[in-house]
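Colleague: I would like to learn how to read a model like this one, feature by feature. Could we take the general idea each time, and then the case at hand?

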Amino acid sequence: MIIHKSTNPRISSFDPENFSFGNTFIDHMIICEFEDGKWGDVQLVPYGQLPFSPAMMGVNYGQACFEGMKAYKDKDGKVFLFRPEKNFARINKSASRLAMPEVTEEMFLEGLKALVDIDRNWIPQGEGMSLYIRPLIFATEEALKARIANKYMFAIVATPAKSYYTEPVSVKISDFYSRAANGGVGSAKAAGNYAASFYPTKLAMEEGYDQIIWTDDSTHEFFEESGTMNVFVRINDKIYTPPTSEKILDGITRDSFIALANKRGIEMKIEPISVKAVVEAQKNGTLKEVWGVGTAVVTSVFQALGYKGEKLMLPILTLEDSFALTLQKDLVDIQTNNAEDPFGWRVLV
Ligand code: COI
């Protein structure tokens with residue numbers, strides 16, 4: 001690895017009590033270029049701008065995918081990554097679906113560890129705090145022919161984080177727009193999936209909702225995801241989440257919630273969730289909780305579901321009664337080294 005340390009670090013002006021998620025970047029980043037059919041050296045360099053052409057294929061044709069992952073600092077200052085091998089596997093799954101070159105395990109994991117290590121002072125400590133890490137691959141070739149690009153960049157940037165949807169939110173069950181289609185790229189963390197979600201989300205926000213529950217593109221009768229998260233529903237004491245598919249992202253937080261629910265002996269059903277069943281359960285009082293999970297947010301609890309012009313309200317439960325909050329606590333305790341890690345999920349940096 002080639003290392004160019006920052007000669008002008010900004011860490012001394014970083015206030016861990018007062019920063020904005022996603023706009024504050026740590027002092028370094030990882031970059032690595034792909035050309036002539038192979039990846040070059042991984043470089044750890046000062047965070048900053050890079051020179052690209054407006055004709056670069058990544059922005060014209062959307063060959064771009066990313067990961068979201070976090071590093072946590074425990075109360076003694078030890079730093080951990082959470083299940084990084086899962087993000088490694090998924091970025092390559094996304095890359096191959098978008099006809100982009102896969103990265104090697106060494107590039108991904110060594111780059112990640114070197115970056116987190118050099119900028120460990122940027123990781124805020126305390127409840128809900130972490131470093132959000134964004135590995136990405138995008139096409140950099142300057143060419144306007146619509147074809148697979150020949151040049152790419154793998155990069156890793158990172159921003160300090162606190163959970164960003166803290167209050168319970170209202171979500172609209174989509175009856176028109178969808179996030180993914182059969183045969184499409186829904187299971188890839190493709191940049192374009194996010195671009196396509198912004199307009200329907202904006203419309204839902206204009207109707208007074210915070211987010212959307214994405215339903216299937218052909219019938220809109222089944223839940224798929226919510227916002228940028230996987231979705232869970234609790235009816236009585238059973239939890240449901242849709243199975244992953246070519247339309248549903250294989251979320252690492254989703255997978256962790258399933259494992260934690262199983263460990264607690266909570267009945268967990270991985271099966272399609274019909275809008276009809278959820279609406280009926282709300283009407284007869286058996287719908288206890290609906291929530292989203294994702295790396296950035298961890299858990300977003302829903303307080304209302306918008307369906308055909310009606311707002312279906314959900315009870316707001318305390319930690320003691322809520323499966324969502326209990327599983328979130330189990331997860332965060334493992335991530336932050338506040339609890340045993342029976343699954344071997346933490347990786348010390
Ligand atoms: C994540 O949770 O990592 C996400 O994908 C959300 C991100 C788009 C902010």
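Predicted model: local features only at pLDDT ≥ 70, side-chain atom pairs only at ≥ 80, totals over all residues.

Colleague: Which domains does the assignment give for the protein, and how many residues of domain 1 are in contact with domain 2?

Modeller: The domain assignment gives domain 1 as 2–162 and domain 2 as 169–336, and their centres, taken over C-alpha atoms, are separated by 27 Å. Across the boundary, 21 residues of domain 1 are in contact with 12 residues of domain 2. On the side of domain 1 that touches domain 2, strand E5 (64–66), strand E6 (69–73) and H2 each supply at least two residues, and the largest share, 6 residues, comes from H2. By class, that side of domain 1 has 9 nonpolar, 4 polar and 8 charged residues.

Colleague: How should I read the packing of two helices, and at what angle do H2 and H3 pack?

Modeller: Two packed helices are described by the angle between their axes together with the distance between those axes. Here helix H2 (residues 84–97) and helix H3 (residues 105–118) pack at an angle of about 135°, with their axes 10 Å apart, which means that H2 is oblique to H3. The crossing in which H2 passes H3 is right-handed. In the contact, Pro84, Phe88 and Ile91 of H2 meet Glu105, Phe108, Leu109 and Leu112 of H3, and the residues of this contact divide into 6 nonpolar, no polar and 1 charged.

Colleague: Which residues of H5 meet H7, and are the two helices roughly parallel or roughly perpendicular to each other?

Modeller: The axes of helix H5 (residues 252–264) and helix H7 (residues 323–335) come within 10 Å and cross at roughly 105°. Angles of 65 to 115 degrees count as roughly perpendicular, and H5 and H7 are therefore roughly perpendicular to each other. From H5, the residues Ser256, Phe257, Leu260 and Ala261 meet Leu327, Asp330 and Leu331 in H7, and the residues of this contact divide into 5 nonpolar, 1 polar and 1 charged.

Conventions: Residues numbered from 1 in each chain as written. Axes fitted to C-alpha atoms, helices over the stretch in contact; angles between N-to-C directions. Helix = DSSP H or I, 4+ residues; strand = E, 2+ residues; numbered from the N terminus. Parallel < 35°, antiparallel > 145°, perpendicular 65-115°, else oblique. Left-handed = near helix turned anticlockwise from the far one by under 90°. Contact = placed C-beta atoms within 7 Å. Nonpolar A, V, L, I, M, F, W, Y, C, P; charged D, E, K, R; others polar. Domains from an automatic or database assignment.
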